[in-house]
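My entries follow in the order of looking.

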Amino acid sequence: MNELRGVFPIIAALAVVVPAASRDAWIAQWRAELWHYAQWLERERGRASVLNLLARASGAVPHAVTLRFLHWRPRMLAQDLKFAWRMLVRRPAFTLVAVL
C-alpha cells in the first residue's frame with residue numbers, strides 16, 4: 001500500500017477545487033475508491049502499481065470540476081456584482097481598463 005502515499009497528495013491538492021461543503025466527503029470517497037482499487041489490483045495482479053493508481057485518480061479531476069460547477073448559486077453572482085461595484089467606486093479608472 002506504499003503506492004497510495006504517492007496518490008493521496010494529488011487528491012488533497014484537487015480538494016481545493018471542490019466546494020467546502022462537500023470537500024470532506026469528496027476526499028473520503030476518493031481515498032476509499034483508491035484504497036479499494038489498490039486492494040483489487042493486489043488481489044488480481046499481485047501488486048498495485050503507482051501508474052494504475054494515478055490513472056484511476058485522474059478521474060478525480062473531472063469529478064472535482066463538475067462539483068464546482070454544480071455548486072454555483074445566484075448568491076455567488078450577487079457577491080461578484082457587489083465586489084465589482086466596490087471596485088468601480090474605489091478605482092473607476094482601473095475598472096474601466098479592466099472592462100475594456
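**Entry 1: the loop serine**

I found the side chain of serine 49 reaching the backbone nitrogen of asparagine 52 at 3.2 Å. I count a polar contact as a pair of N or O atoms within 3.5 Å; within protein, one must be able to donate a hydrogen and the other to accept it, and residues adjacent in sequence count only if both atoms are side-chain atoms. The model is predicted, so I note that local features need pLDDT of at least 70 and side-chain atom pairs count only at pLDDT 80 or more, while totals for chains, interfaces and linings use all residues. Residues are numbered from 1 along each chain as its sequence is written, and side-chain values use heavy atoms, with hydrogens and water left out.

I placed serine 49 in the loop between helix 2 (20-45) and helix 3 (50-57). Helices here are DSSP runs (H or I, at least four residues), numbered from the N terminus. Leaving aside residues up to four places away in sequence, serine 49 touches Glu3 and Leu41; contact means heavy atoms within 4.5 Å.

**Entry 2: the salt bridge**

I looked for salt bridges (a side-chain nitrogen of Lys or Arg within 4 Å of a carboxyl oxygen of Asp or Glu). The structure holds one. Arginine 56 pairs with glutamate 33, and their closest N and O atoms are 2.4 Å apart. This pair links distant parts of the chain, with arginine 56 in helix 3 and glutamate 33 in helix 2, 23 residues apart.

**Entry 3: helix 1 against helix 3**

I read an angle of about 20 degrees between helix 1 (residues 4-14) and helix 3, with axes 9 Å apart. Axes are lines fitted to C-alpha atoms, for helices over the stretch in contact, and angles run from 0 to 180 degrees between N-to-C directions. Helix 1 and helix 3 are therefore roughly parallel (angles under 35 degrees; over 145 is roughly antiparallel). Leu4, Val7, Ile10 and Ile11 of helix 1 meet Leu53, Leu54 and Ala57 of helix 3. I sorted these residues into seven nonpolar, no polar and no charged. For the classes, Ala, Val, Leu, Ile, Met, Phe, Trp, Tyr, Cys and Pro count as nonpolar, Asp, Glu, Lys and Arg as charged, and the others, Gly among them, as polar.

**Entry 4: helix 2 and its other partners**

The axes of helix 1 and helix 2 come within 10 Å and cross at roughly 155 degrees, so I logged the two as roughly antiparallel. On the helix 2 side, the residues meeting helix 1 include Trp26, Trp30 and Arg31. That contact has eleven nonpolar, no polar and one charged residues.

Helix 2 packs with helix 4 (residues 60-70) at about 160 degrees, axes 12 Å apart. These two are therefore also roughly antiparallel. Trp26, Gln29 and Trp30 of helix 2 make the contact with Ala60, His63, Ala64 and Leu67 of helix 4. I counted five nonpolar, two polar and no charged residues there.

Terms used
Parallel < 35°, antiparallel > 145°, perpendicular 65-115°, else oblique.
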